[in-house]
Amino acid sequence: MSRHVTFMTIDDAEHYTTAERDQIVAAYPPHEREARARGVPALGSGRIFPIEEERIACEAIEIPRHWPRLGAVDFGWDHPFAAVELAHDREADCIYVTKCYRVREATPVIHAAALKVWGGLPWAWPRDGKRETLEGAGVPLAAHYRAHGLDMLGEPAAFADGSASVEAGLIAMLERMQTERWKVFRHLSDWFGEFRLYHREQGRVVKQMDDLMSASRYGLMMLRFARVTSGEGFNRELEYPDFGVA
């Protein structure tokens, strides 16, 4: 028997007006709002990002041409392949998650075709992209995506000092959320679905429903390779400081 779990929030209850939804949420005790309005389980200290959703959610905006942009992927088959686009407001040092994509059991040619329409972004990718694939006769996984037209960066995701700590990446993301320097377009329901359930058990990150979270972390780690669009595509790589652990 196949099963499917659908997550819905009060924002999906369109028979209420926005004002009515806000009034309902305001009537809940503060410590119950995330659970009752958005279905966030009471994970307590187990939540990796113990941040109210409204602190990072924002309406979609047109990204200014002078903001550098970067794509990032998390490879997958049984668990989904995931990708995000990040845009960086350098003046405010604020990162915006503007697009996301999550699909399981599809090949690189399918994913590459879907992501190329985002524009000629440089793409960050994890260390398992260097692993050779059986179907590819010894060709590293990242090379398949490069062959299908994605501008994969030369090396897997790491901070400028060469480190690739998961915990350092999660702390960097959380610090940005806490300081209003990480925003996510409100309509990206898949991204927020993972955000709500991303947690630890016995101190260890639970590697389930974390594909977009992982892609976002890879993008943050490689933000220094983001590029600015021009009339002829992307210009040269910017001279970037490492914002990964700021």
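So, let's start at one pair: A82 stands opposite R102 in β4. Before I go on, this is a predicted model, where local features need pLDDT of at least 70, side-chain atom pairs count only at pLDDT 80 or more, and totals for chains, interfaces and linings use all residues. Residues are numbered from 1 along each chain as its sequence is written, and side-chain values use heavy atoms, with hydrogens and water left out.

Back to the strands. β3 and β4 run antiparallel, joined by nine bridges. Strands here are DSSP runs of E, at least two residues, and helices are runs of H or I, at least four, numbered from the N terminus; two strands pair if DSSP finds at least two bridges between them. Four residues sit between β3 and β4 in their hairpin, and D93 in that turn has a positive phi of about 50°.

On to β2, which is also antiparallel to β3, with six bridges. R69 has A87 in β3 as its bridge partner, and the β2–β3 hairpin goes through six residues.

Now, how many residues of β3 are buried? Nine of the nine, so the strand is largely enclosed by the rest of the structure. By buried I mean under 20% relative accessible area, with exposed over 50% and partly exposed in between, using a 1.4 Å probe and protein chains only. In a regular strand, side chains alternate between the two faces of the sheet. In β3, F81, A83, E85, A87 and D89 are on one side, A82, V84, L86 and H88 on the other, and all are buried.

Zooming out, the sheet is open and mixed, seven strands in the order β1-β7-β4-β3-β2-β5-β6. β1 (57–58) and β6 (151–152) are the edges with a single partner strand each, so one side of each has no neighbour in the sheet. β6 pairs with β5 (residues 122–124) in the parallel sense over two bridges, and W123 is opposite M152 in β6.

What packs on this? Helix α3 (residues 108–116) does, touching β2, β3, β4 and β5, with its direction at about 140° to that of β4. Helix α7 (residues 211–221) touches β2, β3, β4, β5 and β7, at about 40° to β3. Those angles run from 0 to 180 degrees between N-to-C directions, with axes as lines fitted to C-alpha atoms, for helices over the stretch in contact; contact means heavy atoms within 4.5 Å.
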